[in-house]
Protein chains: 2
Amino acid sequence: MTQNDTFLAAAAALLGPRGLTCDPDLLAPWLTDWRGRYTGAAIGLASPADSGELARLVALAGEHNVTLVPQGGNSGMSGGATPDASGASLLVSLRRMNTIGPIDLENRRVTCGAGVVLQNLHEAAEAVGLRFPLTLGGKGSATVGGLISTNAGGTQVLRHGNMRSQVLGLEAVLADGSVYSALTPLKKDNRGFDLKQLFIGSEGTLGIVTAATLKLEPARADRRVVWAGVESIQAARALLLHAEKAVGEALEGFEVIPHPSLEAVFDYAPDMRSPLEGAHEWYALIEVVADAADAPTLGERVETMLAEAFESGLLQDAAIANSESQAEAFWGLRETVPMAERSKGPAMQHDISVPVEKMPDFITDAIARVEAAYPGVHAVAFGHLGDGNVHFHVISPPGSERATWEASDGKAISRFVHDLVTQWGGSLSAEHGIGQMKVGELQRLGDPASLGLMRAVKSALDPKGLLNPGKLLPLV
Amino acid sequence: MTQNDTFLAAAAALLGPRGLTCDPDLLAPWLTDWRGRYTGAAIGLASPADSGELARLVALAGEHNVTLVPQGGNSGMSGGATPDASGASLLVSLRRMNTIGPIDLENRRVTCGAGVVLQNLHEAAEAVGLRFPLTLGGKGSATVGGLISTNAGGTQVLRHGNMRSQVLGLEAVLADGSVYSALTPLKKDNRGFDLKQLFIGSEGTLGIVTAATLKLEPARADRRVVWAGVESIQAARALLLHAEKAVGEALEGFEVIPHPSLEAVFDYAPDMRSPLEGAHEWYALIEVVADAADAPTLGERVETMLAEAFESGLLQDAAIANSESQAEAFWGLRETVPMAERSKGPAMQHDISVPVEKMPDFITDAIARVEAAYPGVHAVAFGHLGDGNVHFHVISPPGSERATWEASDGKAISRFVHDLVTQWGGSLSAEHGIGQMKVGELQRLGDPASLGLMRAVKSALDPKGLLNPGKLLPLV
C-alpha cells in the first residue's frame, strides 16, 4: 500500500461510506469551480458528519502529511475551494454539517453548521419573523462556512456590514486536530485575543470552520426600491450622500450601473425593460427598508428624499417600484449586468475597492487610463458604490480569442488595474478574496509588513502547511 | 558600560531629551497603577514622538534584548501597563502621540494618535456636531491606544459595541521594529486576515498601537434618563427586554444597582438623594437617546414604554430626569457605587460576564453560594445588565484586615467566583482585560485550544518575548 492508500483506508474506517468517496464521477463536480476557471485533482472527497469526525480526520491527515482543501458550496469567485492539479490533497466537504438552530428569538441569534446554505438560513429566519441580512447572487449554493471563510460581502453591506459583522461565535477544527470552540457568544469578553477573527476571511488556511453563531435582525416590514438616472458617477456619489442624510440607516443598498451596461443587459435579455423613459449616463439602484415600527412613514420619507434630490439637481429622473415584483425587476437589471457583460466577449473582471469618497474619481480615471493603454478594450464599472466596491470589467477588443487574449493582454490589464487601485489606496480584493487567483498579485502589491504578519500567523497555526495549501499565501 | 547602559545611550541619542528619562522622580508616577495595586520598576521611561521613532526604538531594544512595557493613561484595571518588579523593562509612554484629526465629516471618522485622551476625543467630535460613543469612568486619562489594547467597554456598549467596534483602521509597531500601517479604512477589503483585530484587546503583547482611525456617530440631540425601581433582578431583565422592544436601538444604557449598593452610596455621599420615594429591591438606570431626526418623539416614546412596563407589572416606580443636571445626578448614583462599596472595607472585585439571558439567575445563584461558602462576607452585583456584564464585589466580614484577608480568603473567593462564572459559560474578564492580575486564572480556567492558539500567535509575532512580558500570557 502507498502512503495515500494507508491514509485513505484509515479515513474510510473513520468516516464510513457516507463520509468518504474516491469515485471519480462523484468527485468530478467538486474539482472545478462553478465558473469553470479552475480545475484540480484530489485523492478523494471526505464529507465528515460533524466537527468531531473532522477533527479526527485532520489529525489523521497530519500523521500522513496529506493536505486538505475545505469546500462549502463551491461557489467562490477566486478558486479558493478548488484543489491544485497535483492531486495530492483530500477535498473536504462541509456540506453534511447543515443543521440550523434552534433560533434564539430573545437574543436574535442562531447557531448553524458550516454546511448550511444561505438561502435556507434566510428562510429559517423569515419563518420566525427575523432576517439574516447578508445576501448575494450565489445564495442558493453558498454555505455559512464558505461565507465566513471568505468574509463574504454582497448587496446589503452598506447597512449591515460584511460576514464578519454577522459572526457572534465560531467553531473551527485546527491543523493539529484540536477544536477551537467559541459558539456561545458573550457580549463582553476580554480574555485575550479575539481568536474567531482569525478564521473569518482566512479562506480555510488557518483552520476549518465547522459552525458559527450568527446575528439575526428584525424582519423587514417594507422596502422601497428606486431606479434613478443621474448625469455622472460624481452625481451618483452626491445622491448617495444625500440619501444617507435623508433616510439614515434605512438605506440598505446603493448600486450604480453605467448606461452601456444597461444596454448590454437589454441586448442579453431583450424582455427586460428600463424603468425610465429616457437614457442617462449612470443609474443608481437604491433600496430603503423599514421594520414594523418605521414602515408607516417609509413611503413618505423616500418620496421626500427623491423630491429634494430632484430639486437640487442630484438626479435627472427616478422611478419608485410600485410593487414587490417591480422591485425584483429593478434588482434583476442590476443582477443581470455581470452575465450581460460576459456575453459580449472575453473580459477581465476585477473586484476592487478604494476609499468610498474616491470612488467616482477613480472610476473616471481608471476607465480612461485602461482604454488609452490598451486600444480597443472597453472598460465598465458597476456595483456597490456605497461600499467603495466596484466590479471593474475590461472587455476585450471585438473578435479576440478568449484563451490567447486572457493569457496575454488580459493578464497585463489586470496587473495594470491592480497597480492603479493600489496607488489609490485601495484593495485588489474587495469581497471575493484571494483564493488561488490573486496569490501572485497580493505578493506583488501587498504591504510587506502585512504579508510578513500573515506568513508568521500561518506558520504558527499550520506549521506543516496542511490547510488549503497555495491559497491566499504562496506555498513555501 | 553594562548592556543596559549601552542600550540607554543609544536610545537617548535616538529619542532626544524629551523622549527618554531615567530620573526616578519622573518615572515614579508611572510605575504604580492608578488603583495602587501594582508597583514595578523600569530602566527608564521612553516617550517617542511618533511611530517612526518608536519603530527604531523597538528595533534597538530587540538588538539589546530589552523588554518593553507600553503605557497610555495608566488607568487600566488589571495592571497591564505596570512593569514587573525586576526593573529590566523599558517603560514606553505613548502619551506624546496625541494628535487628533482632521475630522472627516463626510465619512464620520477621525485618525488619532495612540496618546489621545478619551475626553479630548469626545470634545473634538462634539465641536463638529459628531460624537465618539464609547465612554467610561477614566475618560480623563484613558488613551485611545490603551482603549484599543484592552478593547475597553463602558456604559454605551449595549448600543455601540466595545472599542473593537469603533476601530476602522490601525497602525502598530511590531516586535521586529517594522510598522503595520492600515489607517485608511476600506469598507470592503478581503486581502487575507484582518490583521488589525490581532492588536485590539491583546494588551500590547503582539505590537504597540501607535494610531487608529475611529468611527464617529451623529451627535446626540436629546436623551432621557430613567431611574426605575423593580422587585427583582429577574424583573430588571424583563424590563430590559421590554425596553429593547419598545425603543429599539435608541436604548443606549441599562444598568442595574441593588438596594444595598444604593444605601452604600448614601452612606458614602450623604448629599446624594434617591430619585424615588420608596425603596425597591433593585434599580434600573435606563438611558434612551435620539439624534436630531428622532428627537421630537423621544419623550413620548419613553413615557409610553414606561407606562406599558408599569401596567404589565415590570416596574414598581420610575422617575424620568427632568433636566440634564438631574440626568447627571442619576448617573452619579451609579458611578459612585464602586467607591461606596470600596469604602465599606476590603473587597474582592470581579469584572465578569455570562450570556445575557443567564445573568439574573447567575447573580442570584452566585451571591447565595459565595455568602454560604464564606460566612460573614457580603456579595453585591451591579453594572451593565444589557451586556451580561456585572461587577461582582465580595466585601470582607466587618473588621477584616485588608492585606491578610485579600491574600487568604479574598484570593480563594476570587477563584470560587471565577470557577462559578466559567461553569455558567461566562468570562472571568468581561471588559478589564487580563493584565498581570488574571494571568494565572486565565491559564487555570481558559479553554486549552484558545490558550494554545494565543501562545502560538504570540510566539510567531514576538519570538523574543520583548513586548509587555508576563501580561495576558505567562512568561515561558
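A polar contact is a pair of N or O atoms within 3.5 Å; within protein, one must be able to donate a hydrogen and the other to accept it. By that rule, 36 residue pairs, both at pLDDT 80 or more, are in polar contact across the interface of chain A and chain B. The model is predicted.

**Extent of the interface**
- Chain A brings 70 residues to the contact, and chain B brings 69 residues.
- About 5200 Å² is buried between chain A and chain B. Carbon and sulfur atoms give 60% of that area.
- Lys188(A), Asn190(A) and Phe193(A) supply 19% of what chain A buries against chain B, more than any other three residues.

**Charged pairs**
- Ten salt bridges link chain A and chain B.
- One salt bridge joins Glu357(A) to Arg109(B), with the closest N and O atoms 3.0 Å apart.

**The side of chain A that touches chain B**
- Helices H6 (157–160), H8 (196–199), H9 (233–247) and H16 (448–461) of chain A, along with strand E8 (179–182), each supply at least two residues.
- H16(A) gives the largest share, nine residues.
- By class, this side has 29 nonpolar, 24 polar and 17 charged residues.

**Packing of H9(A) with H11(A)**
- H9(A) packs with helix H11 (residues 298–311) of chain A at an angle of about 140 degrees. Their axes are 10 Å apart.
- The crossing of H9(A) and H11(A) is right-handed.
- From H9(A), the contact uses Leu239(A), His242(A), Ala243(A), Ala246(A) and Val247(A).
- From H11(A) come Arg301(A), Met305(A), Glu308(A) and Ala309(A).
- Six residues of this contact are nonpolar, one is polar and two are charged.

Conventions:
Residues numbered from 1 in each chain as written. Chains lettered and ligands numbered in written order. Predicted model: local features only at pLDDT ≥ 70, side-chain atom pairs only at ≥ 80, totals over all residues. Heavy atoms only, no water. Contact = heavy atoms within 4.5 Å. Buried area = accessible area lost by both parts, 1.4 Å probe. Salt bridge = Lys/Arg side-chain N within 4 Å of Asp/Glu carboxyl O. Polar contact = N/O pair within 3.5 Å; in protein donor to acceptor, adjacent residues only side chain to side chain. Helix = DSSP H or I, 4+ residues; strand = E, 2+ residues; numbered from the N terminus. Nonpolar A, V, L, I, M, F, W, Y, C, P; charged D, E, K, R; others polar. Axes fitted to C-alpha atoms, helices over the stretch in contact; angles between N-to-C directions. Left-handed = near helix turned anticlockwise from the far one by under 90°.
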